[in-house]
Amino acid sequence: MKCLVCDGSTKAGLFDWHRFCPSCRYESADLAPVINEAGAHTRVDELDREVALKSLRAENFKVIVDLINRLVPVSAKRLLDVGSAHGWFLDEASKRFDVVGVEPDTAVAERARDRGLPVRIGYFPDVLNQSELFDVIVFNDVIEHIPDINRALQASYDQLSPDGLLVLNLPRSSGVFYRIAKVCARFNWHGPFERMWQKDLPSPHVHYFNEKNLDALVTRHRFQPLQSRHLSSLSSGGLLERLRFVGQVHPVALYTQCLILRCAIPFLKLMPSDIVVCTYRKR
Ligand SMILES: [Zn+2]
């Protein structure tokens with residue numbers, strides 16, 4: 001199989017669904033999404049997990065909106081959030097921009113709409129008019145889920161105004177947790193690695209990039225790389241709720257884990273972050 005980024009030959013990875021490119025370090029997974037399919041009861045767990053992540057997301061979304069603000073002119077007004085989910089990024093971005101969200105999960109999208117957010121239900125770019133242009137297009141934890149990423153990048157180019165800004169916020173393969181998960185997988189502990197790829201969740205990850213191979217791919221779609229920034233993947237807020245989703249844990253063990261992690265957060269923040277936000281200008 002050819003590498004999506006560099007056209008080199010990919011190799012079998014740690015599992016039969018995982019592959020990697022030895023030349024550019026791009027990684028892929030053969031995992032199929034099942035959004036909106038009946039019986040996806042795990043969806044509920046995922047929504048709960050998302051809620052548990054809210055305080056971390058809110059912190060990071062503020063940083064992203066600040067970053068966007070510094071990179072666009074005052075005249076930039078229209079912002080599109082692809083995969084807007086609960087609408088938390090729209091909440092933050094709407095303080096500065098006229099926002100539109102696109103969300104394929106009907107139940108999630110309708111909940112955001114009930115809060116008055118302008119969310120279109122369906123897939124990007126199908127729910128947009130071809131003539132609709134945006135000054136900023138943002139993918140928060142979305143691009144790594146899209147199998148045909150080349151189509152998504154091409155569509156982003158087409159729907160951006162001249163000099164428009166593309167913002168990709170995604171997990172990176174050079175982050176400390178991803179590396180630890182890989183080591184665990186080599187020692188036959190599969191859980192953390194499967195979790196990083198969101199295997200068996202309705203919308204698993206199908207790509208893992210680092211900044212270098214991501215830039216190489218996005219540049220091919222006539223974008224100029226601007227800045228990238230690492231974001232925190234851990235926050236003390238919501239930590240207890242996140243740990244609860246690991247499974248049935250005795251309360252003493254749960255609170256002990258929570259305490260240890262809280263103490264470790266300042267140290268972990270010194271390690272290579274697992275989340276990056278990369279920005280690109282349409283050429
Ligand atoms: Zn490659």
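1. Is aspartate 91 buried, partly exposed or exposed? In this predicted model, aspartate 91 comes out partly exposed, with a relative accessible area of 29%. That puts it between the 20% and 50% cut-offs.

2. Aspartate 91 has a partner: arginine 115 forms a salt bridge with it, and the closest N and O atoms are 3.1 Å apart. Aspartate 91 sits in helix α3 (residues 88–93) and arginine 115 in the loop between α4 (106–114) and β6 (119–121), so the pair ties together parts 24 residues apart in sequence. Arginine 115 is partly exposed too, at 46% relative accessible area.

3. Next, have a look at glutamate 92, which forms a salt bridge with lysine 95, again with 3.1 Å between the closest N and O atoms. Glutamate 92 is buried at 15%, whereas lysine 95 is exposed at 63%.

4. The whole structure has eight salt bridges, and one of them joins the side chains of glutamate 27 and lysine 182 at 2.8 Å, N to O. Here strand β3 (residues 27–29) supplies the glutamate and helix α6 (residues 176–186) the lysine, so the pair links parts 155 residues apart in sequence. Glutamate 27 is buried at 4%, and lysine 182 also counts as buried, at 18%.

5. Finally, the surface: Phe267, Leu270 and Met271 make a nonpolar patch of about 340 Å². Methionine 271 is in the loop between α10 (251–268) and β11 (275–282), and is partly exposed at 31%.

Methods:
Residues are numbered from 1 along each chain as its sequence is written. This is a predicted model: local features need pLDDT of at least 70, side-chain atom pairs count only at pLDDT 80 or more; totals for chains, interfaces and linings use all residues. Side-chain values use heavy atoms; hydrogens and water are left out. Patches are made of residues with over 30% relative accessible area and no salt bridge: like charges are joined within 9 Å, nonpolar side chains (Val, Leu, Ile, Met, Phe, Trp, Tyr) within 5 Å. Accessible areas come from the Shrake-Rupley method with a 1.4 Å probe; for residues, only the protein chains shown count as cover. A salt bridge is a side-chain nitrogen of Lys or Arg within 4 Å of a carboxyl oxygen of Asp or Glu. Helices (H or I, at least four residues) and strands (E, at least two) are DSSP runs, numbered from the N terminus. Buried means under 20% relative accessible area, exposed over 50%, partly exposed in between (1.4 Å probe, protein chains only).
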